[in-house]
Amino acid sequence: MCNGCVFCLVLLTVALGAQALTPSHHLSLSDVDRLKGLLSQPFTDLASAYYSIVGLSKLGASVDACQFLKAQLDPMSVDSLFFAAEASQAIADCEMPVFNETRDILLAAVSEDSTVTQIFRAVSALSSLGLPLASQEVVAALVARIAKEDNVLAITTALQTATRLSQQAELGGILEEIEDLAARLDDLGGVYLQFEEGLEATALFVTAAYTLSDHADTEPPLKEDQVIQLVNSVFSKKSWDSRSEAFSVACAAAALSSNRFHVPVIVSTQGPATVSHSQPILHLLVTDILSNPLASANLLVESAQAVASKSVVLSQAPFSLRNGIFELNFMASQPASGYYQFTVAVTGDSRLVANQVELKVKVSTEVAVTNMDLSVVDKDQSIGTKTSRVDYPFKAKGSFTADSHQNFAMNFQLVDANTGVELTPHQTFVRFHNQKTGQEVVFVAEPDSKNLYKFELDTAERKSEFDSMSGTYVLHLIVGDATLENPILWNVADVVLKFLDEEAPAAIQSKTLYMPKPDIQHLFREPEKKPPTVVSNTFTALVLSPFLLLLILWFKLGANISNFSLSPSSVLFHVGHACMLGLMYVYWTHLNMFQTLKYLAIIGSLTFLAGNRMLAQKAVKRYGQSSTLTFFTRSTCEN
Amino acid sequence: MSNSVISVISRFLEEYTTKTSNKLKVVDAYLFYILLTGALQFLYCLLVGTFPFNSFLAGFILCVGAFILGVCLRIQINPDNKGDFLSISQERAFADFLLAHTVLHLVVINFIG
């Protein structure tokens, strides 16, 4: 159904060429009261007084604090003069005293060396106090300062300053800043448009843009979608952190509800958007964002389309205005029950923005159960042995008995109580409840092609749902739907069901589902079977025995160590070599590869050097012997 | 047929005992010892089973490796082969033998578990 709504919306948008964006947030009457409450909190200094007094005046309330302003005024400070002067403008018959030095102090603040805020406060104070000022000089100073202070708040303050200048001044350059600032807004999801500096900056920008546009009589370069997105951003927050934030929101609300170019309109329903025979009239409220009713608006239904059948029920029908509320008797068009997509348009003022609104309206009705027939049918004959008609809300007299050879059947019709049209509600359930065991079995009754509801219970087939428990079951019919005003829970009859008793289970098995299951013992991996120690010892001895054989053979061959020279290098070599073999054993029992390699490197290098030396000596000795032999042989040969 | 085999064998043994130098016979005795040790390990594995398989492999590979290195040493120190190994003196052959053995032992001890 939701997909259908979205599709309708897109179609309507494309067909009518209108924007689909409407404000999702505005200030309801309770929000406005909350805003006024925050601004009405007692103030102790001039800045708070300014925010409160001016903010409340924008919302239509007034505060009398003239004495406070006069008492707190410091005529030497530009800020103090600004706050007091602006606040006094909002109070009737309140005039601030003007001293001789006031004008000089304020004019001195208008220069390229002061910040934009200083210039703004000075210019505002000058204009509120009725003192003359040179607009062109202010424009020059502002343009120079904008070039230096390029942030959002500064430019917004410059825009505000321009609203106090004479209309003959050249405000074109400053007006262009509105468009540049609007380009800096962040688009969040196509719904919100705000500055990253926050809500206050956005609200102040809105105020400044519209005030300046009104003052210069040029339409602000904001598209309608952007205006709606700005409205969403500024009015989405319903509780404000500080007085200045509340002040900015109040100013923005006032600017958006009473400027000369764009006035966003809010169309809302009074209560839920439901019509029925008892309440045939659809009530709509058309207000601005401060929830004030619009004086000169006319409301028109462009089309009302049924969501389910897509047929257009109403087209171009006007609403009538009564006591500030727009009314339309929708039931006069005889709509069937269900949901309807309304497209309404607000006309009457060219300034209105977002004046085409989509609404979903529900038409609800009452249902009546007619022609309820209960019967017990034999399976073989398919002839009803007993059919009785029951009228709502009475219960059938006598109970119905069905055993495994019979089926219990129920036929009925659901009709609209007012129009007699057949209905197919979402929920039509048949509930069997066993009073003794507490069992509850629910079935769904389905309509056939002629919208006649049929329900048949095959006792033998369905015995598993009943756990084969025979007994008396109380039968209820449950009918419900979102569009029904009278959902039905009707105790229709008592049904005695007989199942074959030997199939009845001893206990209800579902209870054991939630008891602890038997423990699983973890089986560790069995160690491998080892051969008996005798066998392995025998074979160890056997494997070591060839060593003896080797020694015997060597002895027989006459291998000896008589040539062993006791030079230090050979001793070191042999010791080192023995150490290396010992290291192998230690590696097997204690060490890991890294430690072994470390020790091996040390011992090995020593052994290598010693061995090198030793073998070299041996080689020299051997060559010496053979060369002597050659010399001897040669000498004898020569002879 | 068997006659010629026996006569070949007896001739071989005779030549061996007379012609080969003592040094080579020492190395041959060492090789025979290694061979026996390896064969006995293999016999154990066949008879009893391969339970600590890595230990069996380590021992067997040590025997095989030592045998090969011994054979290499024997070839290199045989004076009849001097022409093939002009740059390798006997001492150099022995040093190579020792170095290779060190590496072999390291690997085998690592594997023996």
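Modeller: R462(A) forms a salt bridge with E465(A), their closest N and O atoms being 3.6 Å apart, where the term stands for a side-chain nitrogen of Lys or Arg within 4 Å of a carboxyl oxygen of Asp or Glu. At 31% relative accessibility R462(A) counts as partly exposed, and E465(A), at 40%, falls in that class as well (buried means under 20% relative accessible area, exposed over 50%, partly exposed in between, with a 1.4 Å probe and protein chains only). This is a predicted model, in which local features need pLDDT of at least 70 and side-chain atom pairs count only at pLDDT 80 or more, while totals for chains, interfaces and linings use all residues; side-chain values use heavy atoms, with hydrogens and water left out. Residues are numbered from 1 along each chain as its sequence is written, and chains are lettered from A and ligands numbered from 1 in the order in which they are written.

Over all chains, a search of the whole structure finds 20 salt bridges. One of them joins D31(A) to K238(A), with 3.1 Å between the closest N and O atoms. Because D31(A) lies in helix α2 (residues 29-39) of chain A, and K238(A) in the loop between α12 (224-235) and α13 (243-257) of that chain, the pair ties together parts that are 207 residues apart in sequence; helices (H or I, at least four residues) and strands (E, at least two) are here DSSP runs numbered from the N terminus. D31(A) is buried, with a relative accessible area of 7%, whereas K238(A) is partly exposed at 24%. R34(A) belongs with D31(A) and K238(A) in a network of salt bridges. A further pair is E327(A) with R322(A), whose closest N and O atoms are 3.0 Å apart, and here E327(A) is buried, its relative accessible area being 10%.

Now to the contact between the chains. Across the interface of chain B and chain A the rule finds zero salt bridges, although three residue pairs are in polar contact there, both partners being at pLDDT 80 or more (a pair of N or O atoms within 3.5 Å; within protein, one must be able to donate a hydrogen and the other to accept it, and residues adjacent in sequence count only if both atoms are side-chain atoms). On the side of chain B that touches chain A, α2 (22-48) and α4 (90-112) each supply at least two residues, and α2(B) gives the most, with 14 residues. That side divides into 17 nonpolar, nine polar and two charged residues, where Ala, Val, Leu, Ile, Met, Phe, Trp, Tyr, Cys and Pro count as nonpolar, Asp, Glu, Lys and Arg as charged, and the others, Gly among them, as polar.

In total, 28 residues from chain B and 33 residues from chain A take part in the contact, which requires heavy atoms within 4.5 Å. The area buried between the two chains is about 2700 Å², and carbon and sulfur atoms give 80% of it; buried area is the accessible area (1.4 Å probe) that two parts lose on being put together, summed over both. In chain B, the residues that lose the most area to chain A are F51(B), E91(B) and L106(B), together 23% of what that side buries.
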